[in-house]
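I opened my notebook to look at one helix and a few charged pairs. Here is the structure I worked from.

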Amino acid sequence: MGEDGAVTSAPQRPDGQTPTPRLIATDLDGTLLRDDKSVSPRTVAALAAAEAAGIVVFFVTGRPARWMDVVSDHVHGHGLAICANGAAVVDLHAGREFVQVRALPRATALTVVETLRGAAPGTSFAVETTAGINYEPLYPPFFQDPGAQVATAEKLLSVEADDTSAPVLKLLAHHGELTPDEFLALARSAAGHHASITRSSPTALLEISELGVSKASTLALCCAERGISPSEVVAFGDMPNDVEMLSWAGTSYAMGNAHPDVIAAASGRTVANNEDGVAVIIERMLAGLGGPQQL
C-alpha cells in the first residue's frame, strides 16, 4: 500500500465532519517510529503542525524514560511523555525527570513472580525501576545495561537488595517456548487479578504493571488535568499494550501493521508505521478533511 493509500474512516459528527481533536496520543515503536527507530521528516513536520494548530501531542509508550531521546526533540509545549505503559509521566524538557510514578508494589511483583513460575515453568524475569533495569541470569540480553544487577527476581525485588528502594515501574517476564499471545493469555488467567499484564514485543515478553495502570488510565489522568474529554482525543497504536488507550479515545487508529486485537479495538485504520501512518492522518485532519473517508 502506498504512503497515501486508503484508510478507514473514524466516527463522525452528524454533519459528516470529525472535530479537530484537542489532544493526539501516539505510541512510538511500530506506530510513530519507523522500523529503524527513526522519526521521519514527514512525521516531524506533522507533529509540529499539530502543535502549531493548538493540538496537544502526547507520546504514550512502553519505553522507559531513558529510551526517550529519539523523540525528546519533538515534544513541544508541555514537554511530557507517558512511559512504561502508564507507570510514569516524565518531563522530556527537564532531562527525563519523573513527574508522576504509578509504582508496582514489590510485594505484588513477588506474588506475580511466584504465580508465573508455577503456571509457566521456564519464565525468566527483569525488574524495571526508576533507577534502571535489573534482571535474572537466564533473562535474554535484549539490551545490555552495564549498570544492571543480575540476580533472582526474588532478590531483585527485596527492599534490602536495592539500596535506593527505587520504585518498580514494571516487571518483565519472558518465556522461550510459548508464543507471545499464548503467554499473555496464560499470564492473565493466572495472575491478572494481581496486576495489569500486557505485551508490545514480537517475542513472548510480558510487561506487568500495578493493577489498573495502563496507557489509557494515565492518559485519562493527564487529559482530566487539562479538561480534555475522551471524545477530544485521537490515539494511534499497533500492539496489545495500546488496546485500552484506543478503546478509551473518542477516535483511534490501528496502524497497517497492527496486531489483530488492536485492529478490533480501534475506530479506524491507517497505513503502516514505515509509511508514516500517523502523519497521514494528522495531515488530512489539519487540511480540514475530518476523519479520512474510504478513498
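**Notes on charged pairs and a helix**

I looked up D27 first, and it counts as buried because its relative accessibility is 4%; buried means under 20% relative accessible area, exposed over 50%, partly exposed in between (1.4 Å probe, protein chains only). This is a predicted model, where local features need pLDDT of at least 70, side-chain atom pairs count only at pLDDT 80 or more, and totals for chains, interfaces and linings use all residues. Residues are numbered from 1 along each chain as its sequence is written, and side-chain values use heavy atoms, leaving out hydrogens and water.

Next I asked for the partner of D27. D27 and K215 meet through their side chains in a salt bridge, 2.9 Å from N to O (a side-chain nitrogen of Lys or Arg within 4 Å of a carboxyl oxygen of Asp or Glu). D27 sits in the loop between β1 and α1 (28-32) and K215 in helix α7, so the pair ties together parts 188 residues apart in sequence. K215 is buried too, at 1% relative accessible area.

I then checked D29. Its salt bridge is with K37, with the closest N and O atoms 2.8 Å apart. I noted that D29 is partly exposed at 23%, and K37 is partly exposed at 39%. Salt bridges that share partners join D27, K215 and D242 into one network.

Last, I turned to α4. Which residues of α4 are buried? I found R106, T108, A109, V112, V113 and L116. The face turned away carries the exposed A107, E114 and G118. Helices (H or I, at least four residues) and strands (E, at least two) are DSSP runs, numbered from the N terminus.
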